[in-house]
Amino acid sequence: MKMGSLETERTTTGWAARDPSGILSPYTYTLRSTGPEDVFVKVICCGICHTDLHQAKNDLGMSNYPMVPGHEVVGEVVEVGSDVTKFRVGEIVGVGCVVGCCRNCRPCNTDNEQYCLKKIWSYNDVYTDGKPTQGGFAGAMVVDQKFVVTIPDGMAPEQAAPLLCAGVTVYSPLNHFGLTGSGLRGGILGLGGVGHMGVKIAKAMGHHITVISSSDKKKVEALEHLGADEYLVSSDTEGMQKAADSLDYIIDTVPVFHPLEPYLSLLKLDGKLILTGVINTPLQFVSPMVMLGRKSITGSFIGSMKETEEMLKFCKEKDLTSMIEVVKMDYINTAVERLEKNDVRYRFVVDVAGSKLD
């Protein structure tokens with residue numbers, strides 16, 4: 001349908017941070033009209049990720065306000081642009097951390113658009129029309145079809161939400177570094193939103209998984225509910241020594257400063273320590289720790305749209321679900337406080353459609 005210039009602008013209400021206190025409150029703003037390549041999505045639910053907290057509180061020093069966070073978004077297609085081929089009205093879809101890229105650099109041309117230097121974040125960024133992007137703690141979003149994925153039939157929206165960031169954050173490095181074969185021995189450092197998905201996805205690939213944590217608080221859950229094979233407390237010197245030289249990889253999901261050397265010693269020859277937590281202070285290690293074992297410290301950031309689609313299919317086939325706590329929008333500030341204290345098993349998901357937004 002043609003958009004007349006006199007058409008009233010479409011608005012939605014989201015919950016926005018206004019300043020580095022990070023406290024969210026209702027905020028009404030305009031959405032762009034649905035362009036030829038755009039999908040207009042009515043939000044059903046949205047996961048709360050640790051990055052939302054960093055951004056709302058300006059921990060990385062780049063926050064712009066008002067800011068509506070949320071980048072694990074599941075919703076229903078309400079309208080599609082004239083050139084949209086992948087989606088139909090009524091379909092259930094997902095939107096992740098990225099909503100734009102340049103489309104002609106090497107990352108964009110090789111299905112690595114999450115590494116495009118001109119990528120556009122789903123919130124706290126500026127879109128091609130010069131307007132700020134706002135995320136999924138809101139009634140609706142307008143997103144380019146390239147950055148929308150179909151949620152597999154039969155997958156509950158609130159289950160799918162955390163997969164769009166936490167799930168693909170683990171799937172992507174395992175896929176990219178060729179760590180998908182069964183029989184590998186992996187470590188998951190930190191058992192939060194990303195870590196708990198890491199255990200489930202790696203176990204479904206047939207890996208032997210050790211959860212490494214700072215305390216034994218989550219031991220029973222890790223072994224019994226999530227299916228990990230072993231549980232290691234990082235301060236247990238004897239246990240750590242026994243596990244030396246035993247792991248093919250460690251996915252390090254810890255989003256705060258921590259020493260790397262204790263974990264590097266757990267890796268075998270050619271083992272990889274894969275960093276996925278956003279940490280804004282320098283980490284350190286002595287070079288023999290990586291030289292003597294040809295070990296690598298590498299990073300990985302979310303995943304491509306292609307990997308997101310593959311990961312959703314994989315989770316559907318293996319019947320993997322995330323362990324979540326569903327909350328209403330008016331609970332969001334309490335949820336964020338609890339997330340800061342690691343008091344969630346293992347991901348909060350906001351029931352946006354079932355909440356009063358204003």
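Predicted model: local features only at pLDDT ≥ 70, side-chain atom pairs only at ≥ 80, totals over all residues.
Residues are numbered from 1 along each chain as its sequence is written, and side-chain values use heavy atoms, with hydrogens and water left out.

Most residues other than glycine have a negative phi, and most peptide bonds are trans. The loop between α1 (50-56) and β4 (73-80) holds P66, which is joined to Y65 by a cis peptide bond with omega of about -10°. Helices (H or I, at least four residues) and strands (E, at least two) are DSSP runs, numbered from the N terminus. N58 also has its place in the loop between α1 and β4, and its phi is positive, near 60°, in a residue other than glycine. With 26% relative accessibility, N58 is partly exposed; buried means under 20% relative accessible area, exposed over 50%, and partly exposed in between (1.4 Å probe, protein chains only).

A cis peptide bond also joins R345 and Y346, with omega of about -20°. Y346 sits in the loop between α11 (332-340) and β17 (347-350). D245, not a glycine, has a positive phi of about 60° and belongs to the loop between α7 (237-242) and β13 (247-252). D245 counts as exposed because its relative accessibility is 53%.

Rolling a probe the size of a water molecule over the atoms shows where empty space is left. On a 1 Å grid over the protein atoms alone, a cavity is a set of points where a 1.4 Å probe fits but cannot get out, and a pocket is an open set with protein on both sides within 12 Å along at least five of seven lines; lining residues have an atom within 4 Å of a point. Grid points are joined across faces, edges and corners, and a volume is the space filled by probe spheres set on the points.

Two or more lining residues come from each of β5 (92-95) and α10 (305-317).

The second largest pocket has a volume of about 310 Å³. Among its 18 lining residues, L31, R32, P132, T133 and Q134 lie nearest its centre, and β2 (24-31) and β8 (140-144) each give two or more residues to the lining.
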